[in-house]
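This report looks at a few local features of one protein model. Please view the structure first, then read the sections below.

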Amino acid sequence: MTNAEQATGSIERRHDLDALRAFAMLLGIVLHGALAFIPGAWVVSDASVEGEGTPYAVLVAAIHGFRMPVFFLMSGFFTAMLWRQRGLQALVTHRARRVLLPLVLAMIVVIPLTWAAWGYAENASKAEDASAAETETVAEDDVWRAAARGDVAALERHAAEGAPVDVPDPVLGTTPLAWAALHGHAHAAEWLLDNGAGVHTLNGDGSTALHSAAFMGRAEVVRLMLERGADPHARHPNGALPLHSSLADPGTTAYYVGLLGLSYEQAALDAGRAEVVQLLTEAMERPREAETGARTEADEEADATAAEAEAAGGTAPYRSDPHADVDEGSGLLVPWYWEALYWYQWGGLFTYDVFSHLWFLWYLVWLVGAFALIVWVASRLGLSLSWLPDRLVVTPALYLWAVPVTMATQYFMGVEGNYAEFGADTFTGLLPAPHVLVYYAVFFAFGAVYFSRNEGGARIGRWWQATLPLALVVLLAGLVLTFPEDGGTAEDGARWGSLFFQAAFAWMMALGLMGLFRSVLGAGNARVRYLSDASYWLYLMHLPLIIALQGLSFEWALPAVVKLVLLIAVTTVVLLVVYEWGVRYTPVGTLLNGRRRRAGAG
């Protein structure tokens, strides 16, 4: 992964860019460490954080907004360098040995360790939640807790006292019906439907109770709700059908189960989901009103409920044709793309969590393969790959094309803006999501083109002292537009402003950091080169360790910032020690970085 093996000669060795690539990888430790300090965003929520954890959310958004673009830009540069030095066949062999093979081995060793650490942290969090629940008094009970317990008597009592039975809870935005569905309490769900709960009422995230029941494989509840008129075509704002919820990958399942404080047995979950898939598939194959022209009693009731909600100043949760929300009303340019990406028969190839935090290596394999194919075709046709003029590569004029092109790919992130997202989507499936692959291909391709200029960094990042501070201003503007105060998503002009600032931030940080690292590390530094070598190992192995440490420490009575620094420091030091004494001079180290000899060794 490093350029330590690259031959010297006419091609300048770029210590600064190798260090920048390592920096981008190491920031992943900071990012994953900070996630625990954003309530509800990770397997555990650290007890030391109060409120929404905004500073840590901003930190994560900032790192996510530029880290991988920088990595892929550097990877494109070094891919082109290796090709020029050694030829196309050597490039493919090198990347297969240093990227593809470590990825395959990590899937056998590292990813299972990650899920084991996740399970440990999740169980620790659940144990604490259960302990806290035992201290609650009956006076603290409410309609949502009663629904989650399946306690019909408590539901009757709360309803008699005037408690609403059809509104999301103020913490997680989940309706009583959805709580009953998540826990599989069909009798409680039936009571709620008989006493004012709407089968089409939305949770706070835009999903329905049918999504909730399908997610946990609650076949009895799914059957009940379908009988009561629940729509199997209802869509989450990200385009997902209830059917897609029943096909969630293990990582997504573990995340939301932890967030909602649920528990499950894998065998029962799999069996329940299999039955749910059959029920929903059969329901989706039945003629819909849009096709038959017939209206059901459930349709009339749903439209009446929606009209009442709008008259009261609320939001209509449902219309008879929820498909129209995607095909016409949502603003999606290409709904067929999202149908293809999530479609239950093969969408799991994109969405099923195969590569965990190592997904970027798989994307890199695809991009190197595309690069090799383009180079081979160009050589056969006698075409040049250096067609951009210098002023569009190494001067600020590059923003004139780079930002708009990046905006075009950024548009598809967050399902084309239908839910708030700063930075690129993350898909960890066996097939790379096309919109994400193209997004990173822009940076990878620029890195390859930039190599051909061989200007040594003297021009491209020369204004870094101004670029980096301005990038922070751009970040804040982008966050304000991306995450409105009302908790919705950016609309109209704000949406395009969000896209502009996100694309500009990624490029400004990439180019500014290139200038900074050239200024500070252009001549090379032995310690930095060592850390650059170690960064590959650190990133491969950090996630299981940092998750385990989060599960161990989330209740410690320390300030959040102190705890975060400790998490990062302990993770880094432990892995560096293991690298020095158990990896660097072993076959594993040779696989990752090439052969190394201890000082003084023969």
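## Threonine 467

In this predicted model, a polar atom of the side chain of threonine 467 lies 2.9 Å from the backbone oxygen of tryptophan 463. Threonine 467 is part of helix α22, which covers residues 464-482.

Threonine 467 has a relative accessibility of 14%. Buried means under 20%, so threonine 467 counts as buried. Leaving aside residues up to four places away in sequence, threonine 467 touches Tyr399, Met508 and Gly512.

## Helices α2 and α21

Helix α2 spans residues 54-86 and helix α21 spans residues 434-451. Their axes come within 7 Å and cross at roughly 40 degrees. Angles under 35 degrees count as roughly parallel and those from 65 to 115 as roughly perpendicular, and α2 and α21 are therefore oblique to each other. The crossing of these two helices is right-handed.

On the α2 side, the residues in contact include Met68, Phe72, Leu73, Phe77 and Arg84. On the α21 side, they include Tyr439, Phe443, Gly447 and Phe451. Sorted by class, the contact of α2 with α21 has 15 nonpolar, four polar and one charged residues.

## Serine 356

Serine 356 sits in the loop between α17 (348-351) and α18 (359-381). Its phi is near 50 degrees, which is a positive value in a residue other than glycine.

Is serine 356 buried or exposed? With a relative accessible area of 9%, serine 356 is buried.

Key. Residues are numbered from 1 along each chain as its sequence is written. This is a predicted model: local features need pLDDT of at least 70, side-chain atom pairs count only at pLDDT 80 or more; totals for chains, interfaces and linings use all residues. Side-chain values use heavy atoms; hydrogens and water are left out. Axes are lines fitted to C-alpha atoms, for helices over the stretch in contact, and angles run from 0 to 180 degrees between N-to-C directions. Helices (H or I, at least four residues) and strands (E, at least two) are DSSP runs, numbered from the N terminus. Angles under 35 degrees count as roughly parallel, over 145 as roughly antiparallel, 65 to 115 as roughly perpendicular and the rest as oblique. A crossing is left-handed if the near helix is turned anticlockwise from the far one by less than a right angle, and right-handed if clockwise. Contact means heavy atoms within 4.5 Å. Ala, Val, Leu, Ile, Met, Phe, Trp, Tyr, Cys and Pro count as nonpolar, Asp, Glu, Lys and Arg as charged, and the others, Gly among them, as polar. Buried means under 20% relative accessible area, exposed over 50%, partly exposed in between (1.4 Å probe, protein chains only). A polar contact is a pair of N or O atoms within 3.5 Å; within protein, one must be able to donate a hydrogen and the other to accept it, and residues adjacent in sequence count only if both atoms are side-chain atoms.
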